[in-house]
Amino acid sequence: MPSDTKGDRKATLDAASWFFNVVTSVGIIIVNKALMATYGFTFATTLTGLHFATTTLLTTVLKSLGYIQSSHIPLADIIKFVLFANFSIVGMNVSLMWNSVGFYQIAKLSMIPVSCFLEVVLDKVRYSRDTKLSITLVLLGVAVCTVTDVSVNAKGFIAAAIAVWSTALQQYYVHFLQRKYSVGSFNLLGHTAPAQAASLLLVGPFMDYWLTNKRVDAYNYGLTSTFFIILSCTIAVGTNLSQFICIGRFTAVTFQVLGHMKTILVLFLGFIFFGKEGLNVQVILGMLIAIAGMIWYGNASSKPGGKERRSFSIPITKTPDYSAVPLSDEPDEKV
């Protein structure tokens, strides 16, 4: 039946998009950990600027070859997106420096309630009781796994608040721009990556010097460290693209909820490859709770009324788009 075929195709693309995001995200975490811990390249903001510069290069090449069609997004929308994205990157780095690891993890967990709030207020989304409870279960499980020592100070709290709200707004805006201008993931990256690359490469060296008291131009660039920098930039292209694909196909909240699967996976791989010192009953229990919450969320949000948009207030601006991965405008996405 045609409807069954369409549903199967959508489910396959959903699974492929999420698998792409998980693989690239976990891969870049492992590479960056080796680059920073082993080779001492601790310039996170500058490295992110290099990531977006590489993404800009790829989107430019694909556009020149005709794989990405021309589209238009107003400059004001691009500037707002870049501001949200850059405040998110810088805010997260500063939050990690000024706060304990425990409070940093709590701040990351609070992105889901903030993203829910944005969807309720801006998109008039309504969540069912089961959907709300499943999100709470995911937050509880990840908190049990990751939150240990918790200490906070005034400037650390402000940095965390800026990081959380800017990240939530950036992820909401990815979905917003793709729906409003009918552009695909690569198209949106082609508009936003150049501005992010330029701004982060301009600000990054100064920000990294403030955070680490080291200069990026004074780093001893060896053959191996340079290889890891290039590898990190290459994987980052996939990470950036997969994030835009997933948020476009799902929503920022779903992306955040299922994103914690990557947290669980990184913990699990860390225990396998780096020893079992941190593995205990509490961590295992937290993993099981979080996974159960994610499964529950997938079922609850896909049911009628599980997560629905009561009204659409966004005027749609049609732009020709022929991106490889189509977007779904169905309000309830089953993952």
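**Surface patch, helices and aromatic pairs**

Student: Which helix gives the most to the nonpolar patch?

Tutor: The model is a predicted one. Its surface carries a nonpolar patch formed by L75, I79, L83, F87, V152, F157, I158 and I162, with about 800 Å² of accessible area together. The most, four residues, comes from α3.

Student: Does V152 count as buried, partly exposed or exposed?

Tutor: V152 belongs to the patch and lies in the loop between α6 (129-146) and α7. Buried would require under 20% relative accessible area, and exposed over 50%. The relative accessibility of V152 is 47%, so this residue counts as partly exposed.

Student: How many of the 28 residues of α7 are buried?

Tutor: Helix α7 reaches 40 Å from its first C-alpha to its last, close to the 40 Å expected at 1.5 Å a residue. After α7 comes S182, whose phi is positive, near 50 degrees. The helix α7 is largely enclosed by the rest of the structure, because the number of its 28 residues that are buried is 20.

Student: With which side chain does the side chain of T254 make a polar contact?

Tutor: T254 is placed in helix α10 (residues 252-274). Its relative accessible area is 3%, so T254 is buried. At 2.8 Å, the side chain of T254 makes a polar contact with that of Y297.

Student: Is the pair of W98 and W210 stacked or edge-to-face?

Tutor: The count of aromatic pairs comes to 14. In the pair of W98 and W210, the ring centres are 5.7 Å apart and the planes stand at 90 degrees. Planes over 60 degrees apart count as edge-to-face. The pair of W98 and W210 is therefore edge-to-face.

Student: How many residues apart are W98 and W210?

Tutor: W98 is in helix α3 and W210 in helix α8 (residues 185-212). W98 is partly exposed at 24% relative accessibility, and W210 is partly exposed at 48%. Their pair links distant parts of the chain, and the separation in residues is 112.

Student: What is the angle between the planes of F227 and F228?

Tutor: F227 and F228 form an aromatic pair with a distance of 5.8 Å centre to centre. F228 counts as buried, because its relative accessibility is 17%. The pair of F227 and F228 is edge-to-face, and the angle between the planes is 80 degrees.

Technical notes: Residues are numbered from 1 along each chain as its sequence is written. This is a predicted model: local features need pLDDT of at least 70, side-chain atom pairs count only at pLDDT 80 or more; totals for chains, interfaces and linings use all residues. Side-chain values use heavy atoms; hydrogens and water are left out. Patches are made of residues with over 30% relative accessible area and no salt bridge: like charges are joined within 9 Å, nonpolar side chains (Val, Leu, Ile, Met, Phe, Trp, Tyr) within 5 Å. Accessible areas come from the Shrake-Rupley method with a 1.4 Å probe; for residues, only the protein chains shown count as cover. A salt bridge is a side-chain nitrogen of Lys or Arg within 4 Å of a carboxyl oxygen of Asp or Glu. Helices (H or I, at least four residues) and strands (E, at least two) are DSSP runs, numbered from the N terminus. Buried means under 20% relative accessible area, exposed over 50%, partly exposed in between (1.4 Å probe, protein chains only). The expected span of a helix is 1.5 Å times one less than its number of residues. A polar contact is a pair of N or O atoms within 3.5 Å; within protein, one must be able to donate a hydrogen and the other to accept it, and residues adjacent in sequence count only if both atoms are side-chain atoms. Rings of Phe, Tyr and Trp (its six-membered ring) pair if their centres lie within 6.5 Å; planes under 30 degrees apart count as stacked, over 60 as edge-to-face and the rest as tilted.
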